[in-house]
Amino acid sequence: MDVARRLLCAHAMSEVRLVGISKHYDGPRGKAVIEALDLTADNGELVVLVGPSGCGKSTTLRIIAGLEEPTAGRVYIGGRDVTMTPPAQRDIAMVFQSYALYPHMTVFENMAFALRIRKLPQAEITDRVQAAARSLGIENLLDRRPKQLSGGQRQRVAIGRAVVREPKVFLFDEPLSNLDAKLRGDMRREIARVHKESGVTSMYVTHDQIEAMTLADRIVVLRDGAVQQVGTPMEIYDRPANRFVAGFFGTPAMNFLTAELAIGHGGTGLSARGPGFELPMTERTLAPSSVGDVVVGIRPEALTLDARPGAVSLAASVALREVLGAEVLLHLDSAAGELTVRTDAQTPARAGDHVTVWLARGATHLFDARSELRL
Ligand code: ADP
Ligand code: MG
């Protein structure tokens, strides 16, 4: 039986669940790094935990691995409470940003190490290491030592070392952050493939929204130790739960315009009014309590310089034209503030031009200015 099938059969149930996890480093009275965190990765799912540096991602992963003890809450793996179980008995394999390979061992021995400790027969160790090495394209490197490898090769070895263990759960802590952009893309696809073929429940931590979008079955957005939103990549992109999530996903970032939500001119329902624009909110059902200061969010691809029926216009001037090849980014100044427009390379607009920019009404996001929550 090949590695992937064996994994599937051996670990039918390996859901990871965190319930009410808190972590205070300086005792229960110290500042919370994580506060009352609930989190589930379903059996076989790849969940990406994403958020800015310092928000508690590694701490969460280390608590799942058993390398860190939570101040409060429980950890379940495959339905079993493992909160007090030592790391070695949790059947988890972790891949770190720093690779953490043994420098004095060959690639083969690095990958075989955990299996030797488990006292597996030599033939099976060789089988598993060779299968993983083949699948990761490193079978010609098995005799080398880590210092004779490039960063990308080292990370492949680190992933291979996790794969051969055939664990219940894979944990990845920013495994690609030390690699250059091209290699990051290659390795990202490699990890996606390893996950797909093995079907092992995986939790992947990153600060990179593109890694999160491309890899995840489900994304958990973390900020200051608190969950902001849980959803599929497209749910999070299309309906960000608050302004932070809206600004975190998407490059270039979403544009934000401050406005006031009020009864429109002529008493015709609600509209968002800001300097130089009035956006009718007719297609939206908004609670009467939403009236007041708001932030209108609109992605750069939802703005255009071509007049569109039903769209709302805004006068602006081009501050900067950035050519990316297939597309062009226009950075505009307007009475409502700075705006970025993503458009095609054919656009005639040049720096200094006065233009009219059009906002598609259905493509706007609305947030309460104070709570920053989606309206
Ligand atoms: P992330 O992985 O999201 O960048 P971490 O989980 O590593 O964040 O850290 C979250 C917060 O906890 C940070 O403010 C960090 O300084 C703090 N922290 C992490 N480890 C310790 C520790 N051993 N003692 C005290 N504070 C820590
Ligand atoms: Mg970290």
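This is a predicted model: local features need pLDDT of at least 70, side-chain atom pairs count only at pLDDT 80 or more; totals for chains, interfaces and linings use all residues.

Me: How do you know that the span of α4 agrees with its 14 residues?

Reply: Helix α4 covers residues 122–135.

Me: What makes residues of α4 count as buried, and which are they?

Reply: Buried means under 20% relative accessible area. In α4, I125, R128, V129, A132 and A133 are buried. Down the helix axis they fall within an arc of 125 degrees, so they line one face of α4.

Me: Which exposed residues does the face turned away from the buried side of α4 carry?

Reply: A123, D127 and R134. Exposed means over 50%.

Me: Why are β6 and β10 said to stand at the edges of the sheet?

Reply: The open sheet has six strands, in the order β6-β7-β8-β3-β9-β10, with mixed pairing. β6 (92–96) and β10 (226–231) each have a single partner strand, so one side of each is left without a neighbour in the sheet.

Me: What makes β7 and β8 a pair?

Reply: Pairing takes at least two bridges. Five bridges join β7 (residues 169–173) to β8 (residues 201–206), and the two strands run parallel. F172 stands opposite Y204 in β8.

Me: Which strands does helix α5 touch?

Reply: Helix α5 (residues 151–164) packs on the sheet and touches β6 and β7. Its direction makes about 175 degrees with that of β6.

Conventions: Residues are numbered from 1 along each chain as its sequence is written. Chains are lettered from A and ligands numbered from 1 in the order in which they are written. Side-chain values use heavy atoms; hydrogens and water are left out. Helices (H or I, at least four residues) and strands (E, at least two) are DSSP runs, numbered from the N terminus. The expected span of a helix is 1.5 Å times one less than its number of residues. Buried means under 20% relative accessible area, exposed over 50%, partly exposed in between (1.4 Å probe, protein chains only). The arc is that of the directions from the helix axis to the C-beta atoms. Contact means heavy atoms within 4.5 Å. Axes are lines fitted to C-alpha atoms, for helices over the stretch in contact, and angles run from 0 to 180 degrees between N-to-C directions.
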